[in-house]
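Please look over the sequence and the model shown below before reading on.

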Amino acid sequence: MEQTRSQSAKFDGSARYSKMFSRLNEVEQGAFVPFVMLGDPEPETSFEIIKALIEGGADALELGIPYSDPIADGPTIQKASIRALKSKVRPGDCFEIISKVRAEFPDIPIGLLLYSNLVLAKGVDEFYLSASKAGVDSILIADVPLREADRFINIAKAHNIQQILIAPPNASDETLSAIGDKSAGYTYLLGRAGVTGAETAADVPAKALIDKLQQYQVAPPLLGFGISTPEQVKTAIQSGAAGAISGSATVNIIEKHLDDKPAMLSALKAFVQSMKAATQK
Amino acid sequence: MNKLDTKFGDFGGMYVPELLIPALDQLEQAFLDAKDDPGFQEEFMSLLKDYAGRPTAMTLSRNLVSNPKVKLYLKREDLLHGGAHKTNQVLGQALLTKRMGKKEVIAETGAGQHGVATALACALLGLKARIYMGAKDVERQAPNVFRMRLMGAEVIPVDSGSGTLKDAVNEAMRDWSATYDKAHYLLGTAAGPHPFPTIVREYHRMIGEETRAQIMEKEGRLPDAVVACVGGGSNAIGMFADFIDEPDVRLIGVEPAGKGVHTKEHGATICTGTKGILHGAFTFIMQDHDGQIEESYSVSAGLDYPAVGPQHAYLHDIGRAEYFAVTDTEALNAFQLLARKEGIIPALESSHALAHALNMAEEAEEETIIVVNLSGRGDKDLAHVTKILGDKL
Ligand SMILES: Cc1ncc(COP(=O)(O)O)c(C=O)c1O
């Protein structure tokens with residue numbers, strides 16, 4: 001028997017993800033993780049938005065840093081970036097928002113999702129240090145594939161941060177095996193090809209893919225890209241995902257209520273509640 | 001893992017979403033297979049010769065240079081079908097598309113020259129082309145939009161971001177990440193993720209190879225310098241490739257200084273030099289302190305790009321190639337001078353290379369042979385230049 005890659009040997013970072021997955025396992029639930037852009041539409045509202053997501057029952061947070069050229073994002077998240085950039089939001093402002101969230105919610109896992117040039121511009125080490133100080137648990141760089149990831153993974157570890165890797169539906173065995181070796185925190189399982197957006201729904205992850213993820217012992221897979229309804233969350237979890245991430249659908253609610261903050265916050269809370277309710281196994 | 005080097009020193013790489021890695025690997029494999037396939041090479045060579053018009057001429061300028069010590073040659077990519085060097089590598093990648101069993105082609109274009117080359121190759125080879133073009137460029141380059149549509153390509157205006165070339169590349173990559181099974185992304189310059197910089201160089205390297213043969217025939221020796229403009233870097237790397245191992249041949253790249261490299265309005269990425277990642281490669285880019293990409297500017301749309309091919313970044317880094325910047329005004333002067341003195345109307349892009357070569361020619365104190373890559377012809381620029389020069393002509 002191959003015993004070299006056991007789940008427990010994975011780098012556990014702050015342990016917030018592993019604690020979350022243990023807690024959810026006990027109550028037989030999957031995780032629901034909303035994504036929003038930090039600083040969208042401006043920092044103060046952004047903080048209130050994140051609080052509303054947590055109050056609605058989010059198990060963890062996936063947070064973006066606005067970037068000028070987001071090649072993996074569809075129109076909804078592009079527009080969120082543009083709104084934040086128009087409000088002159090800089091990476092430093094994003095870390096401030098995260099620090100505030102962390103101060104109020106010491107246990108919730110917080111993941112960053114962003115693009116490589118923002119990390120390079122600050123200096124990779126410096127960037128991970130700032131993230132770690134702000135209370136970030138994991139970082140996913142949308143344009144750093146496994147093949148370019150080693151340098152980031154090593155620096156991440158040095159700052160007690162888990163580097164999140166992406167398992168696309170078209171991944172080769174070689175890729176999945178490497179994700180098995182290197183993943184930590186969770187694995188971002190792509191629900192479909194393409195860019196982010198609620199317009200095209202995620203596919204149910206193929207059983208063969210889920211089996212392979214288990215075989216290679218990757219960190220728990222969260223299904224993302226094209227998740228916008230409780231039914232999809234339910235199906236994702238039934239078919240073996242550890243939970244689901246919903247970005248564009250969440251951001252759409254922000255966009256729809258830009259001129260009415262109370263309505264925005266209560267709609268976000270209600271949305272998360274309905275998605276979370278679908279995580280019960 | 002990759003079969004070819006993905007990097008040039010630290011530069012280059014494959015900084016793309018994981019989703020695109022299999023498509024890039026498939027492309028690398030197809031490129032390698034095609035290299036060893038005589039049938040592919042024969043078809044490519046025959047298209048270059050019988051359809052596109054290779055080899056292109058090399059012309060010794062008669063009236064342009066007053067310094068008697070200097071001979072200035074022009075490598076005439078402006079005579080190539082399509083009006084610019086772009087056609088070379090587009091034919092190669094279009095054949096690769098067929099080889100991979102794909103029937104659709106995605107491309108980006110700025111000035112429209114790469115779009116036109118893509119449209120013509122797809123018309124010829126029975127491929128379906130969709131071409132992303134910044135909304136601003138669609139307006140600025142209306143004749144090329146018409147050419148593309150005439151040859152059956154779909155032109156898709158891109159409104160996001162600054163509405164220029166970099167946004168067209170973003171959109172093309174977004175499209176590709178959903179359609180890689182049936183579509184090939186036919187990138188238009190020697191930039192982007194591996195294997196594009198290598199493929200584009202190899203499919204343009206005949207520019208330098210022909211130059212070597214032609215200059216040996218005419219002069220019996222290699223040139224002292226080859227000079228080319230650098231947007232993403234394809235015509236320059238095509239000219240340089242065959243001379244990289246000839247230390248006595250200076251390799252000179254000319255970037256757009258726009259309104260001056262000390263203003264914000266330029267596209268001289270290597271000359272102003274900050275490193276970062278854009279469109280899949282680690283290279284020199286234009287960015288602010290936080291790493292947000294800044295808009296570039298140049299009078300010539302084809303040089304208006306805030307990054308540069310990674311091999312140029314490397315050649316600069318190791319000191320093998322030299323890079324200079326030429327302003328809009330200098331380029332416009334060279335544009336008019338070539339028209340008046342030699343009866344050749346160059347592309348505004350190529351006029352940058354020419355302007356720098358003319359400065360070199362003036363300053364030369366020894367016998368000097370310079371070859372300028374005249375990467376394209378200026379027909380596409382006439383409306384724009386008329387607007388700028390107006391009644392000053
Ligand atoms: C005539 C001509 N020269 C040069 C360029 C710049 O591209 P590259 O640097 O890839 O040669 C263009 C791009 O549109 C062009 O049309």
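Is A:Lys212 buried, partly exposed or exposed? With a relative accessibility of 30%, A:Lys212 counts as partly exposed, where buried means under 20% relative accessible area, exposed means over 50%, and partly exposed lies in between (1.4 Å probe, protein chains only).

## Model and confidence

This is a predicted model, in which local features need a pLDDT of at least 70 and side-chain atom pairs count only at pLDDT 80 or more, while totals for chains, interfaces and linings use all residues. Residues are numbered from 1 along each chain as its sequence is written, chains are lettered from A and ligands numbered from 1 in the order in which they are written, and side-chain values use heavy atoms, with hydrogens and water left out.

Chain B averages a pLDDT of 96, and 100% of its residues score at least 70, pLDDT being the predictor's confidence in each residue, from 0 to 100. For the complex, the predictor gives an ipTM of 0.96 and a pTM of 0.96.

## A salt bridge in chain A

Over all chains, the structure holds 38 salt bridges, a salt bridge being a side-chain nitrogen of Lys or Arg within 4 Å of a carboxyl oxygen of Asp or Glu. In one of them A:Lys212 pairs with A:Asp173, and the closest N and O atoms are 2.9 Å apart. Because A:Lys212 lies in helix α9 (residues 207-215) of chain A and A:Asp173 in helix α8 (residues 173-182) of chain A, the pair ties together parts that are 39 residues apart in sequence. Helices (H or I, at least four residues) and strands (E, at least two) are DSSP runs, numbered from the N terminus. A:Asp173 counts as partly exposed, at 37% relative accessibility.

## Salt bridges in chain B

In chain B, B:Lys75 forms a salt bridge with B:Glu210, with 2.7 Å between the closest N and O atoms. This pair links distant parts of the chain, B:Lys75 being in strand β4 (residues 70-76) and B:Glu210 in helix α9 (residues 206-219), 135 residues apart. B:Lys75 is buried, with a relative accessible area of 0%, and B:Glu210 is buried at 13%.

Helix α9 of chain B also holds B:Arg212, whose side chain meets that of B:Asp242 in a salt bridge (2.6 Å, N to O). B:Asp242 is in the loop between α10 (234-240) and β10 (250-258), 30 residues from B:Arg212. B:Arg212 counts as partly exposed at 24% relative accessibility, whereas B:Asp242 counts as buried at 18%. Through salt bridges that share partners, B:Arg212 and B:Asp242 belong to one network with B:Arg201, B:Glu202, B:Arg205, B:Glu209 and B:Glu246.
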